[in-house]
Amino acid sequence: MLRKFFFTVFVVLLSLFTAVTVVYAQQSNPVFPTDDDVNAIAKKLYCPVCPNTPLDVCETQACKDWRAQIKDQLTSGWNEQQILDYFVTQYGEKVLAEPQRSGFTSLVWMLPVIVLIIGLGFVSLLLKSWRNRRNHQVSDAPPIPSITPDVLAKLEKELQEID
Amino acid sequence: MLANIGLVILFIAFLLSLFATLSSVYGGVKNKNAWVESARNASLLVFPLLSFSIIVLLYSLYVMDFSLAYVYDVSSTAMSPFLRLTALWGGQQGSVLFWAWIMSAFVMIVLLRKWEENRALMPYVITTSMLTTTFFIAVVVFITNPFSKLWYIPGAEDLIKTVFQPVGAVQYFPVDGRGLNPLLRHFGMIGHPPTTYIGFTGFVIPFSFAIAALVTGKSGEDGWIRTTRRWTLLAWIFLSIGLVLGGRWAYDVLGWGGFWGWDPVENAMFMPWLTGTAFLHSVMMTEKRGMLKKWNMILIILTYALTIFGTFITRTGIISSVHAFSKSALGPAFFAFIGITFVSSLTLLFTRWDTLKSEHQLESFTSREAVFVLQNMLFLAIAFAVFWGTVFPLISELITGSKITVGPPYFKKVTGPLFFALILLMGVAPFSSWRKQSLAKVKKVLLTPFLISLGATAVWGYVHRTHPFSIFGLWLVSFVFFAIITEFWRGIRVRMASRGENPLIALFKLFRRNQRRYGGYIIHLGVIMIALGVIGDTYFKQETQGTLKVGEALKIGAYSLRFDGLQGFPGSDGRDIVEAKTMLYKNDQFIRELTPRRDFFVVQQQPVTVAGVYSSLNVDVYTMLVGWETQPTQSVTLKIYVNSLINWVWTGGMVLILGILIAVCPSKKSKRRVTYVMKSNPLYFESFLGD
């Protein structure tokens with residue numbers, strides 16, 4: 001039943017999603033490359049010299065020069081991937097804001113997923129063991145009665161008297 | 001001279017806290033009360049002694065005694081007296097001392113208030129908390145001493161900063177200081193360190209009680225949890241305020257139009273908040289159901305380790321490079337302390353593993369217990385992802401030798417879905433009751449909020465159709481919002497039916513009777529509001545940049561910004577200001593003048609970008625002066641961010657704090673409520689009366 005609930009949520013959201021995607025159309029830029037085109041790429045890079053600063057917001061002269069370089073590269077017809085590759089070759093992998101998914105670096109992506117799976121497995125084992133423990137014992141817990149408004153009103157009244 | 005007295009007093013404080021640590025262990029193990037009493041008295045003295053050192057340092061900052069290296073580094077004649085005083089936590093030396101001072105204050109409060117009540121635990125509470133205090137005082141005394149002086153050796157290029165006179169050196173008295181880092185001169189950065197430190201040190205108290213409970217074998221009883229509940233909440237509230245203030249500071253000062261950059265320093269603070277939040281929830285389960293006892297221990301041990309780790313990261317700069325680690329003894333000292341305390345706490349926990357048995361068992365996978373366990377696991381998974389992303393650059397550098405960056409895209413992609421699941425659970429959890437829960441009932445109750453949220457999402461989704469992915473987020477916040485409202489409505493309706501109260505009075509009394517529970521819901525509402533702000537920041541943020549001559553305008557969405565001229569003038573605190581005069585229009589309607597500017601701090605040779613911001617509930621127009629030319633004609637490069645919904649982050653932060661205040665506020669009813677618990681079947685009541 002729970003699955004059905006989530007499935008409904010998913011289907012409804014998906015249809016909304018598709019509906020609006022169709023409506024969506026991007027505007028094209030009048031003059032290429034604008035500062036925005038440059039920043040869109042610089043955003044994916046980190047300043048090679050300053051600690052933890054994205055290239056699009058870095059204020060140093062070096063970063064201004066790098067942004068100017070991106071602009072030149074765009075003007076000469078480079079695409080985004082070529083520019084990113086160029087920066088990686090020049091300054092190393094550390095310029096990429098988003099770590100790569102290959103080599104040793106892929107571990108950064110994989111481990112959280114592995115940990116999550118282990119965590120979910122652990123939780124389900126734990127819950128099962130809690131439940132099994134119950135099966136071995138005689139449950140002395142009384143069943144939970146359903147609370148009707150009448151019962152509730154009565155209880156509230158009694159509580160008020162205790163006040 | 002005064003500084004020397006401060007130094008001596010600081011050293012005495014170190015000796016006393018070391019004595020308290022050792023004597024409390026000895027007294028505890030040998031069962032010798034006199035030693036424990038003595039440890040208590042020594043601990044009580046540490047606070048006044050550290051206070052004296054703090055006052056000396058504050059005085060030195062106030063009178064600008066630049067012979068002290070610390071005063072020289074963080075203050076200057078151009079700074080206002082108030083700013084000079086806040087420079088106490090503006091640098092490493094001062095802030096570590098400040099940390100130790102807050103810690104000693106907390107220890108003192110615990111020893112004065114909880115002494116009789118938790119007499120059996122006290123020896124080891126003193127040991128644990130005073131060991132932490134001793135470590136921080138030791139760091140202040142031996143590694144990063146705020147009372148170091150400046151020395152000049154003839155022929156040498158740099159000044160030396162030590163406490164004692166090096167051979168052949170003469171003391172150096174600068175005329176003026178270098179002044180606080182200009183970026184830190186903001187109300188957010190003035191309030192952020194103290195609140196963060198209160199949060200960090202606050203968690204040491206529940207940790208100390210947990211360790212004491214383990215050592216004494218009283219961990220199976222949950223007295224330590226009840227005793228430290230308020231401490232946990234206090235720590236959590238201050239850590240939350242610290243996070244909000246830090247975010248606000250970043251937004252106002254760092255000039256990149258955002259409030260959270262997943263920087264190592266931010267993550268360092270976020271991790272203990274995550275595990276602390278998990279702890280806050282898991283102790284509820286122990287209080288109510290006697291379950292998750294081992295789990296609580298693991299969480300508080302983790303939280304403690306992460307608070308020290310957080311201080312370590314912010315204060316040593318190790319994350320930027322492993323090379324920063326070896327620059328001072330601070331890195332190795334912190335590393336060793338975290339390692340030793342973490343390993344020994346875990347060892348202790350495993351030796352006591354069997355005392356921590358659950359008192360109850362699970363009856364259904366849809367009960368609140370199951371939801372709590374899942375929620376805790378999610379918190380921990382997020383904390384792990386953040387931790388892993390934060391330390392991975394170091395690991396990569398150590399193992400492969402290549403430096404990499406783990407930037408916001410990683411954190412957003414990895415934690416995003418986890419936060420989604422967590423917030424969804426937040427909406428569903430209140431409707432599942434302890435022990436067992438019929439799914440049909442939950443569905444029946446949740447159907448209304450679900451349908452309303454779908455309707456709201458459809459409208460919202462249509463308005464924001466340019467950002468299709470935002471729909472999932474918008475559905476989530478509206479669903480959880482309406483779920484919480486439904487929960488309020490259920491409570492109100494019951495009171496209206498049974499007592500004939502009008503809705504407002506019913507709501508008020510609902511809060512009065514169940515402050516913890518309804519305060520908790522208010523906190524959840526705050527979280528929803530923050531989530532809305534984050535959705536705005538993730539999906540609806542627009543930015544553009546362009547170079548303008550006088551009279552030209554830059555367009556973004558419905559807004560346009562006209563540049564009217566540039567002016568330069570000297571400002572306060574030793575800065576030169578260049579300011580662009582711009583006019584903001586929305587759909588050709590004039591809104592207001594904005595003056596983005598660049599402040600150049602002459603002494604520090606540091607530029608600071610001050611954004612011109614037009615702020616309304618739904619949107620912030622955030623303008624920045626990126627560059628300018630005066631030849632041949634005046635022109636400026638401006639950057640504009642249109643930050644939709646960002647103010648929900650701050651509003652949500654305030655609602656969250658309000659919720660905590662409601663939850664912790666002492667109520668007259670709280671004692672009397674005990675009589676409500678029917679002995680035969682307490683759960684029956686608690687399932688709807690409160691938790």
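A residue counts as buried if 20 or more other C-beta atoms lie within 10 Å of its own, as exposed if 12 or fewer do, and as partly exposed in between, with C-beta atoms placed from the backbone. The model is predicted: local features need pLDDT of at least 70, side-chain atom pairs count only at pLDDT 80 or more, and totals for chains, interfaces and linings use all residues. Residues are numbered from 1 along each chain as its sequence is written, and chains are lettered from A in the order in which they are written.

**Exercise 1. Classify Gln92(B) as buried or exposed, and find its contacts.**

Step 1. Count the neighbours. Gln92(B) has 22 other C-beta atoms within 10 Å, so it is buried.

Step 2. Gln92(B) belongs to helix H5 (residues 92-113) of chain B. Helices are DSSP runs of H or I with at least four residues, strands are runs of E with at least two, and both are numbered from the N terminus.

Step 3. List the contacts. Two residues are in contact if their C-beta atoms, placed from the backbone, lie within 7 Å. Setting aside neighbours within four places in sequence, Gln92(B) touches Thr144(B) and Arg315(B).

Step 4. Trp628(B) is 536 residues from Gln92(B) in sequence and 36 Å away in space, C-alpha to C-alpha.

**Exercise 2. Describe how H1(B) and H6(B) pack.**

Step 1. Take the geometry. Helix H1 (residues 2-29) and helix H6 (residues 122-143) of chain B pack at about 155°, with axes 8 Å apart. Axes are lines fitted to C-alpha atoms over the stretch in contact, and angles run from 0 to 180 degrees between N-to-C directions.

Step 2. Name the orientation. Angles under 35 degrees count as roughly parallel, over 145 as roughly antiparallel, 65 to 115 as roughly perpendicular and the rest as oblique. H1(B) and H6(B) are therefore roughly antiparallel.

Step 3. Name the residues. The contact includes Phe11(B), Phe14(B) and Leu18(B) of H1(B), and Met130(B), Leu131(B) and Ile137(B) of H6(B).

**Exercise 3. Find the partners of strand S13(B) and say why it is largely enclosed.**

Step 1. Check burial. Eight of the 10 residues of S13(B) (residues 635-644) are buried, so the rest of the structure largely encloses this strand.

Step 2. Find one partner. Two strands pair if DSSP finds at least two bridges between them. Strand S4 (residues 542-549) of chain B pairs with S13(B) in the antiparallel sense over eight bridges. Here Lys549(B) has Ser635(B) as its bridge partner.

Step 3. Find another. Strand S12 (residues 619-629) of chain B runs antiparallel to S13(B), joined by 10 bridges. Met624(B) stands opposite Lys639(B). A hairpin of five residues links S12(B) to S13(B).

**Exercise 4. Order the strands of the open three-stranded sheet in chain B.**

Step 1. Read the order. The sheet runs S2-S1-S3, with antiparallel pairing.

Step 2. Find the edges. S2 (160-162) and S3 (170-171) of chain B each pair on one side only.

Step 3. Inspect one pair. S1 (residues 149-152) meets S3(B) over two bridges.
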